[in-house]
Amino acid sequence: MAKIQKIKGVADLFPEESARYAFMEQAAREVFTSYGYGELRIPILEKTELFCRSIGEETDVVQKEMYTFPDRKDRSLTMRPEATAGIVRAYVENKIHQPGKVSKYFTYGPMFRYERPQAGRMRQFHQIDAEIFGAAEPQADAEVLLMLSAFLGRIGLKKLSFELNSLGCPECRPKYNQALKDFLNSLDRSELCEDCQRRMDTNPLRVLDCKSKNCKALTQNAPTLPDHLCGECREHFDTVIALISEAGLEYTLNPRLVRGLDYYQRTAFEVTSGDIGAQTAVAGGGRYDGLVESLGGPKQVPAIGFACGMERLALLLDGTFEAENDFYVALADERAAQNALLFAEKLRNNGQKGEAAFSAKSMKAHLRYANKINARRCFIFGADEFENGTVTVKDMAEGGEQTTMPFDEYFK
Ligand code: HAM
């Protein structure tokens with residue numbers, strides 16, 4: 001029979017690889033709960049409209065990358081391309097908001113985008129995501145950035161660059177958009193790529209995000225957002241910068257950073273690494289003060305958050321993620337099979353972690369396997385042990401000792 005293969009852009013994560021993901025999830029849980037965040041699990045499937053309305057019709061994600069299909073009753077559903085929209089939907093639907101109340105959530109899991117797969121870019125990928133609602137203060141922005149940095153530090157990643165920008169608010173962004181449009185109109189339109197020719201009219205900010213070298217060069221002298229911020233946005237951004245500087249977080253200001261999703265206002269940021277090939281962004285996020293309202297929630301609920309790409313972080317993690325074990329039970333005589341099995345059960349009941357051999361093999365093969373699973377001790381059940389009611393304990397450290405003792409005595 002023909003083999004069935006996985007579809008393009010998805011991966012099977014076997015134990016050594018999935019251990020990296022479990023390690024990141026555990027670190028995220030520890031760090032985020034230390035900031036008062038609680039875990040929120042949201043559905044993978046949502047109504048398509050949720051993403052169109054939040055991420056923005058003009059974004060690449062909505063235009064080209066969503067896994068969208070009709071369900072059996074012909075309703076349009078989409079596999080979530082990111083977590084923020086679903087979290088906002090849950091926040092609104094469950095009426096979490098109360099004036100003055102701050103709510104903090106994190107989640108992690110698979111996301112789906114129909115992109116061209118390459119190292120660090122998958123169609124099913126995984127994010128760790130954190131969001132905070134009800135805090136407009138720049139301290140919230142600073143704390144979110146510091147928490148992200150604390151998480152990245154916890155998993156051993158210290159050489160990453162933080163890039164920051166402010167995208168303004170509904171007050172100042174339209175004025176900037178106009179200035180940008182005027183600039184773009186002064187160019188020879190036909191020199192821009194097809195996407196940018198369209199974006200010029202629909203969402204000029206996106207032109208700054210174009211990956212084409214030619215578009216980048218043409219817009220090199222375009223007016224920048226930070227030069228057009230209103231007084232309040234300027235002050236907000238300056239305070240965020242002052243707070244994180246004071247806290248010792250290193251960053252660079254990138255006036256062209258616009259992010260790939262449309263819901264952002266004010267602070268926007270990306271964390272990048274030069275060590276993982278073409279896909280350099282390992283995390284991204286920002287403030288999205290208007291999104292709760294535009295998804296039918298109460299007016300003026302400020303919010304900010306970020307998501308990390310786990311595939312890209314996994315590429316950067318140092319060291320091996322092999323399991324460590326307390327014991328291995330080696331069976332050298334079939335007659336001792338029952339003793340060996342029951343002995344291993346007892347060890348586990350005593351809080352130890354390890355494996356027992358199911359069949360008798362040469363001691364050489366057993367010891368090779370005990371080393372492979374990083375067992376600290378090997379318990380040997382052979383012919384002598386069976387006949388004398390003993391077990392031989394071998395310390396697996398180099399030059400480790402070997403002792404034989406009565407089987408029952410070990411647990412006394
Ligand atoms: P994003 O920048 O679209 O933001 O994605 C965040 C991170 O997810 C990226 O920096 C990247 O590491 C990873 N990522 C995105 N697409 C892929 C892919 N195809 N394969 C592998 N990794 C990928 C968001 O998703 C926002 N929801 C972040 C946010 C949360 N903003 C506010 N709150």
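Start with helices H1, residues 15-33, and H5, residues 138-154: their axes come within 9 Å and cross at roughly 140 degrees. That angle makes H1 oblique to H5. On terms, angles under 35 degrees count as roughly parallel, over 145 as roughly antiparallel, 65 to 115 as roughly perpendicular, and the rest as oblique. Axes are lines fitted to C-alpha atoms, for helices over the stretch in contact, with angles from 0 to 180 degrees between N-to-C directions. Helices (H or I, at least four residues) and strands (E, at least two) are DSSP runs, numbered from the N terminus.

Who touches whom? H1 brings Phe23, Met24, Ala27, Ala28, Glu30, Val31 and Phe32, and H5 brings Met147, Ala150, Phe151 and Arg154. Contact here means heavy atoms within 4.5 Å. By class, this contact has 9 nonpolar residues, 2 charged and no polar ones. Nonpolar covers Ala, Val, Leu, Ile, Met, Phe, Trp, Tyr, Cys and Pro; charged is Asp, Glu, Lys and Arg; the others, Gly among them, are polar.

A word on sources. This is a predicted model: local features need pLDDT of at least 70, side-chain atom pairs count only at pLDDT 80 or more, and totals for chains, interfaces and linings use all residues. Residues are numbered from 1 along each chain as its sequence is written, and side-chain values use heavy atoms, leaving out hydrogens and water.

Now salt bridges. The rule is a side-chain nitrogen of Lys or Arg within 4 Å of a carboxyl oxygen of Asp or Glu. The count comes to 27.

One of them pairs Glu143 with Lys104, closest N and O atoms 3.8 Å apart. Glu143 sits in H5 and Lys104 in strand E5, residues 103-112, so the pair ties together parts 39 residues apart in sequence. Glu143 is partly exposed, at 31% relative accessibility. Lys104 is partly exposed too, at 22%. Cut-offs: buried is under 20% relative accessible area, exposed over 50%, partly exposed in between (1.4 Å probe, protein chains only).

Next, Arg259 and Glu270, at 2.8 Å, N to O. Arg259 is in the loop between strands E8 (252-253) and E9 (265-272), and Glu270 is in E9, 11 residues away. Buried or exposed, Arg259 and Glu270? Both are buried.

Last, a network: salt bridges link Glu58, Asp60, Lys64, Asp195, Arg198 and Arg199.
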